[in-house]
Amino acid sequence: MPSSCICTKLSLPPKKKKNQNAFSHLCKSLNLSPPISQRRRTESMGRRRGSSPVNVLFGWVRRQSMKVKTFLSVISILCSLIALKFLVRDHNHFFVASEAIHAAGIIVLIYKLATQKTCSGLSLKTQELTAIFLAVRVYCSFVMEGDIHTVLDFATFISTVWVIYMIRFKLKSTYIKELDNMPIYYLVVPCAILSLLIHPYTQHLRISRMLWAFCVYLESVSVLPQLRMMQNTKMIEPFTAHYVFALGVARFLGCAHWIIQVYETRGKYLFLIGAGYLWLPMVLLSEIVQTFILADFCYYYIKSVMGGQLVIRMPV
């Protein structure tokens, strides 16, 4: 065999191997396909994440019928109430904890506005409704009680006013007004009318009693514009989600106080002499309404946090 043929045959494999290496390098530089080891490692991580107990639990709950989901929700709430009843001796501390958690939620908003310089995703109307009922409650608390609740409410009110100032003036360009489209008077007017009809009967001035009822009713629906805005955007960034979740926890604690009081008095607490036959049931109903309004969001919040998602996606 000629030497040239031998050289040709011997040089073919290195040339072919060189071309293959060049092609592999080109694919890698263009990110056309990751290396096999990387793909295997990513798939393994995905399987481990998908098979975590929390994701398995949420997946099982999601596949259940609405009746089963409702039953599981009721059982979870009852277990939480039973735990709170035995762990907390003075049930009046529920209100202090509720107001403190609300204040913590406002602090989260302040941190977002101060560091990220954006109010995207925040509802100005919810903040304005919050400022209204807090201002009324601070006045009523100062006139009728004057205790730790007054201090916490006043601090939360000042923080809320600062948030409103930032949204209206400093960060106005990042506020999405088109998505914050729930009229405030749809909520304020019915609450005002209801407070004229149903309010507590105590030794205080009638106007103070009506204002107290007004702030209770308005607080129960003040979060609706924020929820409406989140439904419009379909995606909620972390700080806004933390704030709304704090509101949900605060309302649950307030609702837990009334439910436990009703249980311990076997229903007599609802009809205390001098407090009005409809006032206390309306307070309990207001707490329950706001708790259930926020319950759906809290479910998706916990699900997203447990799944390691920073941005929460609301269902269509």
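**View 1. Val136 in its helix.** Val136 is a residue of helix H6, shown here, as in every view below, in a predicted model. With a relative accessible area of 14%, Val136 counts as buried because this value lies under the 20% limit. Leaving aside residues up to four places away in sequence, Val136 is in contact with Leu211, Phe214 and Cys215. Val136 and Ser208 are separated by 72 residues in sequence, while their C-alpha atoms are 9.2 Å apart in space.

**View 2. The packing of H6 against H9.** Two packed helices are described by the angle between their axes and by the distance between those axes. For H6 and H9 the angle is about 145° and the axes are 9 Å apart, and H6 passes H9 in a left-handed crossing. On the H6 side the contact includes Leu129, Ile132, Phe133, Val136 and Arg137, and these belong to a set that meets residues of H9, among them Ser208, Leu211, Trp212, Phe214 and Glu219. Sorted by class, the residues of the contact between H6 and H9 comprise 13 nonpolar, two polar and two charged.

**View 3. Helix H8 and its two faces.** Helix H8 runs over residues 185-197, and its 13 residues should span 18 Å at 1.5 Å a residue, which agrees with the 18 Å between its end C-alpha atoms. Its buried residues are Leu187, Cys191 and Ser195. Seen down the axis of H8, these buried residues fall within an arc of 55°, so they line one face of the helix. The exposed residues Tyr185, Tyr186 and Leu197 are carried on the face of H8 turned away from this buried side. The cover over the buried residues of H8 includes helix H6 (124-144), helix H9 (206-221) and helix H10 (224-233).

**View 4. The packing of H8 against H9.** The axes of H8 and H9 come within 8 Å and cross at roughly 140°, and this crossing is right-handed. From H8, the residues Leu187, Val188, Cys191, Ala192, Leu194, Ser195 and Leu196 take part, meeting Met210, Ala213, Phe214, Tyr217, Leu218 and Val221 of H9. By class, this contact of H8 with H9 has twelve nonpolar residues, one polar residue and no charged residues. Phe214 of H9, which takes part in this contact, is also one of the residues that Val136 touches.

Key: Residues are numbered from 1 along each chain as its sequence is written. This is a predicted model: local features need pLDDT of at least 70, side-chain atom pairs count only at pLDDT 80 or more; totals for chains, interfaces and linings use all residues. Side-chain values use heavy atoms; hydrogens and water are left out. Helices (H or I, at least four residues) and strands (E, at least two) are DSSP runs, numbered from the N terminus. The expected span of a helix is 1.5 Å times one less than its number of residues. Buried means under 20% relative accessible area, exposed over 50%, partly exposed in between (1.4 Å probe, protein chains only). The arc is that of the directions from the helix axis to the C-beta atoms. Contact means heavy atoms within 4.5 Å. Axes are lines fitted to C-alpha atoms, for helices over the stretch in contact, and angles run from 0 to 180 degrees between N-to-C directions. A crossing is left-handed if the near helix is turned anticlockwise from the far one by less than a right angle, and right-handed if clockwise. Ala, Val, Leu, Ile, Met, Phe, Trp, Tyr, Cys and Pro count as nonpolar, Asp, Glu, Lys and Arg as charged, and the others, Gly among them, as polar.
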